[in-house]
Amino acid sequence: MTQQTTQQNIIFDLDDTLIYCNKYFYLIIEQFLDLMETWFHTYDIRTEHIKKKQIDIDLERVNRDGFVSEHFPESFVDTYRYFSVLHGRPVHPKEEEQLMQLGRSVYEQPVEPYPGMFETLSHLREEGHTLSLYTGGEILIQQRKIDEMKLKEFFHDRIYIRQHKNREALESILYEGQFDRQKTWMIGNSLRTDVTPALEAGLSVIYLKQQNEWKYNMVDYTLDPDATLYTITSLNEIPEVLNQHLLS
């Protein structure tokens, strides 16, 4: 094969594909649960019930509105209010403000690349592939991560930030970037926002499976007989997967 025939368009997800994200949310949630246990220690409330309520509230808003930063801290406050009303405990504005500040602090956490991020991106670029970045969230928050990791070096103007990550959003990007679907790959950790929309759009997919995945990302999907889907657990596996596929 020649360079021209093997060159691919590779679209990367950002959070929990190239950089760590969920582990910081889990860290802040543990701090939230500690506060709730302190404030409600005289009431008959189990930690798992608090955690489930917060998750349910957070997921409902993501499903409705997409990735909006205030939803996460607001889910803390709404969970706090729910159990306050349920058990007749007074609601304190200072405690609510403390929860809002705690929730917002997740967006101030350090940006940490996954092992092999720079090496993998450099290798794929050297092989002549065209790299793009597609991430969900608010522009200022996501752009800070991109800037701190200096990812524009690899993706240039092929960076797409969307509030919703679904089939419609992906289709708009494919149209905008004039992607050849037969030579385009989606690489990401989310079955909901990366894998399923890409398969529905006729793209090849590499699913980066994570051990401790966000509940929102876990959905069932249908794999057509002619679909291309590989599952990996490390970014370092990507070049070999692509090479083996292109040579087969």
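Reader: What makes strand β2 (residues 130-136) largely enclosed by the rest of the structure?

Author: Of the 7 residues of β2, 6 are buried, so the strand is largely enclosed by the rest of the structure. Buried means under 20% relative accessible area, exposed over 50% and partly exposed in between, with a 1.4 Å probe and protein chains only. Strands (E, at least two residues) and helices (H or I, at least four) are DSSP runs, numbered from the N terminus. The model is predicted: local features need pLDDT of at least 70 and side-chain atom pairs count only at pLDDT 80 or more, while totals for chains, interfaces and linings use all residues. Residues are numbered from 1 along each chain as its sequence is written, and side-chain values use heavy atoms, with hydrogens and water left out.

Reader: How many bridges show that β1 and β2 pair, and in which sense?

Author: Two strands pair if DSSP finds at least two bridges between them. Strand β1 (residues 9-12) and β2 have 4 bridges, in the parallel sense, and are therefore paired under that criterion. I11 has S132 as its bridge partner in β2. On β4 (residues 184-188), I11 stands opposite M186; β1 and β4 run parallel and are joined by 4 bridges. β2 also pairs with β3 (residues 159-162), in the parallel sense and over 4 bridges, where T135 has I161 as its partner.

Reader: Why do β3 and β6 stand at the edges of the sheet?

Author: The open sheet has 6 strands in the order β3-β2-β1-β4-β5-β6, with parallel pairing. β3 and β6 (229-232) each have a single partner strand, so one side of each is left without a neighbour in the sheet. From one strand to the next, the twist averages 20 degrees.

Reader: Why are α2 and α4 called roughly parallel?

Author: The axes of helix α2 (residues 22-39) and helix α4 (residues 71-87) cross at roughly 20 degrees and come within 12 Å. Axes are lines fitted to C-alpha atoms, for helices over the stretch in contact, and angles run from 0 to 180 degrees between N-to-C directions. Angles under 35 degrees count as roughly parallel, over 145 as roughly antiparallel, 65 to 115 as roughly perpendicular and the rest as oblique. The two helices are therefore roughly parallel to each other. Residues F25, I28, I29, F32, M36 and W39 of α2 meet F72, F76, T79, Y80 and F83 of α4, a contact being heavy atoms within 4.5 Å. By class, these residues divide into 10 nonpolar, 1 polar and no charged. Nonpolar covers Ala, Val, Leu, Ile, Met, Phe, Trp, Tyr, Cys and Pro, charged covers Asp, Glu, Lys and Arg, and the others, Gly among them, are polar.

Reader: What makes α4 roughly antiparallel to α5?

Author: α4 and helix α5 (residues 93-104) pack at an angle of about 150 degrees, with their axes 7 Å apart. That angle makes α4 roughly antiparallel to α5. The contact involves F72, P73, E74, F76, V77, Y80 and R81 of α4, with E95, E96, L99, M100, L102, G103 and R104 of α5. Its residues comprise 8 nonpolar, 1 polar and 5 charged.

Reader: Which strands does helix α11 lie across?

Author: Helix α11 (residues 238-247) lies across β1, β4, β5 (204-208) and β6, and runs at about 155 degrees to β6.

Reader: What describes the protein chain overall, in helices and strands?

Author: The protein chain has 11 helices and 6 strands, and 51% of its 248 residues are buried.
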